[in-house]
Amino acid sequence: MDVTYNINDLVHCIYTSAETNEFSHDDIIDLLEKARENNAKLDVSGILLYESGSFFQVLEGRHEVVTSLLEKIQKDDRHNHVVKVIYEHIENRDFSEWTMGYSDVTPDELRKVEGLNDFFRSNSSYMGLDKGRAKTLLKAFKDGQWRSSIN
């Protein structure tokens, strides 16, 4: 079902991707600094998770801006297999205090989340998360499970 969005509609986009080359800790810090600066200018908020060569990201903002940002990410040669898991209208931001929050939650911690434990028992990356599990992960962060560890 196609949904029509107004350019000013508040949306969130949840996507996963795989790195093309291994990211070091310094690479992640550099990525976060640039994303935070850019997102502040664009009024975009969200979180980024990185584990075992894969990314899970939530972007929140105006439809037009989030769509443009996702297109830029899809063309970024540091990512491949960019999969848009969820794209939908939201009433309020879940991560309004972060232009790009980051948490290095471990697979062991993810295995403890009801609804994710079966997935992370057999996988160590975010690739392959379906819509339901992505919502479960989003809810775990939204409800504060690791909120204090986001920086």
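This is a predicted model: local features need pLDDT of at least 70, side-chain atom pairs count only at pLDDT 80 or more; totals for chains, interfaces and linings use all residues.

Biologist: How much of the protein chain is buried?

Modeller: Of its 151 residues, 47% are buried.

Biologist: What share of the contacts joins residues at least 24 apart?

Modeller: The share is 76%, taken among contacts between residues at least 6 apart in sequence.

Biologist: Now helix α1. How do you know what span to expect of it?

Modeller: The expected span is 1.5 Å times one less than the number of residues. Helix α1 covers residues 25-42, which is 18 residues. The expected value is 26 Å, and the helix reaches 25 Å from its first C-alpha to its last. The span is therefore close to expectation.

Biologist: Which residues of α1 are buried, and what puts them on the same side?

Modeller: The buried ones are I28, L31, L32, A35 and N39. They cover an arc of only 100 degrees around the axis, so they sit on the same side of α1. The general rule is that an α-helix has 3.6 residues a turn, so residues three or four places apart point the same way.

Biologist: What do the buried residues of α1 pack against?

Modeller: They pack against β2 (45-51), β3 (54-62), α2 (63-75) and β5 (101-103). On the other side of α1, the exposed residues are D26, K34, E37 and K41.

Biologist: Why are K41 and E37 called exposed?

Modeller: Exposed means over 50% relative accessible area. K41 has 65%, so K41 counts as exposed. E37 has 51%, so E37 counts too.

Biologist: What makes K41 and E37 a salt bridge?

Modeller: The cut-off is 4 Å, from a side-chain nitrogen of Lys or Arg to a carboxyl oxygen of Asp or Glu. The closest N and O atoms of K41 and E37 are 3.6 Å apart, so the pair qualifies. Both residues lie in helix α1, four residues apart, about one turn of the helix.

Biologist: Why is C13 called buried?

Modeller: The relative accessible area of C13 is 0%, which is under 20%, so C13 is buried. C13 lies in strand β1, residues 10-19. Residues that C13 touches include Q57, V58, L59, V66 and L70. K84, I86 and Y87 are also among them.

Biologist: How many salt bridges are there in the whole structure?

Modeller: A search finds six. One of the pairs is R62 with E64, at 3.5 Å from N to O. That is within 4 Å, so the name applies.

Biologist: Why are R62 and E64 called partly exposed?

Modeller: Partly exposed is the range between the buried and exposed cut-offs, 20% and 50%. R62 has 33% and E64 has 40%, so both fall in that range.

Biologist: What does the salt bridge between K135 and E88 tie together?

Modeller: The closest N and O atoms of K135 and E88 are 2.3 Å apart. K135 lies in helix α5 (residues 131-142) and E88 in strand β4, so the pair ties together parts that are 47 residues apart in sequence.

Biologist: Are K135 and E88 buried or partly exposed?

Modeller: E88 has 18%, under the 20% cut-off, so E88 is buried. K135 has 33%, so K135 is partly exposed.

Technical notes: Residues are numbered from 1 along each chain as its sequence is written. Side-chain values use heavy atoms; hydrogens and water are left out. Helices (H or I, at least four residues) and strands (E, at least two) are DSSP runs, numbered from the N terminus. Buried means under 20% relative accessible area, exposed over 50%, partly exposed in between (1.4 Å probe, protein chains only). The arc is that of the directions from the helix axis to the C-beta atoms. Contact means heavy atoms within 4.5 Å.
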